[in-house]
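Subject: Structure handover

Hello,

Here is the structure I said I would pass on. Please open it first and keep it beside you while you read the notes below.

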Amino acid sequence: MTSDVLRVCAEARKRSLGAFSPSFNINRLLLENLEKFLPDDAHIRCSGKLHVSLTRVHDGKNVVISNFDSREELIQCLLASAFIPFFSGLIPPKFRGVRYMDGGYSDNLPTLDENTITVSPFCGESDICPRDDSSQLFHINIANTSIELSKHNIYRIVRILFPPKPEVLSNMCKQGFDDALRFLHRNNLINCTRCLAVQSTFVVSETIDEHLEFDPQCKECKLHRQVSDYAKI
């Protein structure tokens, strides 16, 4: 999946105007990848589990969809949720007869209940997000997303519009993995960092020994699971 995302960015970089080039069709690329990865019963697996945030065009209201009647309907919903005016095109797509666009315009981080984990590519107050070294005190809230006013976030916004080299994007993907790992580890929701590093294709620590083997009886892992189970009671 990550390699396909990098491929899309590479396609954008081939053009003088990048992703804004008339010949760059992000909707077609998204459709191709959804058709490639989603199994035939994806709508059954996702119904009741996947919640997609949409913005209804005619009134700007946020709508969250979680039930899908077919694989095609699921794909239509996902394409509508990724539609950004002018960037994706001029006319928003229809879903169930109504035109929708990216849910980020009305509610970028909808919260279902107290167990909802919020994720953001920008440093801010989300559960999983980059943690920059800067100590900025100023935050802005855009469509329910807290964003720290910093040069690092400005850089990220620019790179959304104008993708950098694949090597830089790969490092960003790695940072996203580390952000999620830090949250899960901090909340005792996963194995210890050592065992996870052994099982993962990502290197989460520069001091990890390449010859380490996964230990299913790891005491630290057992402790993490016990603490996590206790917290759920």
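F86 counts as exposed because its relative accessibility is 72%; buried means under 20% relative accessible area, exposed over 50%, and partly exposed in between, with a 1.4 Å probe and protein chains only. F86 sits in the loop that runs between α4 (71-81) and β3 (94-95). Its phi is near 75 degrees, which is a positive value in a residue other than glycine. Most residues other than glycine have a negative phi.

Before the rest, some notes on the source. This is a predicted model, in which local features need pLDDT of at least 70 and side-chain atom pairs count only at pLDDT 80 or more, while totals for chains, interfaces and linings use all residues. Residues are numbered from 1 along each chain as its sequence is written, and side-chain values use heavy atoms, with hydrogens and water left out.

R96 also has a positive phi, about 55 degrees, although R96 is not a glycine. The loop between β3 and β4 (98-102) holds R96. With a relative accessibility of 45%, R96 counts as partly exposed.

Now the chain as a whole. The chain has eight helices and six strands; helices (H or I, at least four residues) and strands (E, at least two) are DSSP runs, numbered from the N terminus. In what order do the elements of the chain run from the N terminus on? The order is α-α-α-β-β-α-β-β-β-β-α-α-α-α.

Of the 233 residues in the chain, 34% are buried. The accessible surface of the chain is about 14800 Å², and carbon and sulfur atoms account for 57% of that surface; such areas come from the Shrake-Rupley method with a 1.4 Å probe, and for residues only the protein chains shown count as cover. A contact means heavy atoms within 4.5 Å. Of the contacts in the chain between residues at least 6 apart in sequence, 49% join residues at least 24 apart.

Next, the helix pairs. Helix α1 (residues 2-13) packs with helix α2 (residues 26-37) at an angle of about 160 degrees, and their axes are 11 Å apart. Axes are lines fitted to C-alpha atoms, for helices over the stretch in contact, and angles run from 0 to 180 degrees between N-to-C directions. α1 and α2 are therefore roughly antiparallel to each other; angles over 145 degrees count as roughly antiparallel, under 35 as roughly parallel, 65 to 115 as roughly perpendicular and the rest as oblique. From α1, the residues in this contact are D4, R7 and V8, and from α2 they are I26, L29, N33, K36 and F37. Four of the contact residues are nonpolar, one is polar and three are charged. Here Ala, Val, Leu, Ile, Met, Phe, Trp, Tyr, Cys and Pro count as nonpolar, Asp, Glu, Lys and Arg as charged, and the others, Gly among them, as polar.

α1 also packs with helix α6 (residues 166-186), at an angle of about 145 degrees and with axes 10 Å apart. In this pair, T2, L6, C9 and R13 of α1 meet P166, L169, S170 and C173 of α6. By class, the contact has five nonpolar, two polar and one charged residues.

Last, S47, which is in the loop between α3 (42-46) and β1 (52-56). Is S47 buried or partly exposed? S47 counts as partly exposed, at 24% relative accessibility. Leaving aside neighbours within four places in sequence, S47 is in contact with S66, N67 and F68. S47 and L74 are 27 residues apart along the chain, and their C-alpha atoms are separated by 9.1 Å.

Regards
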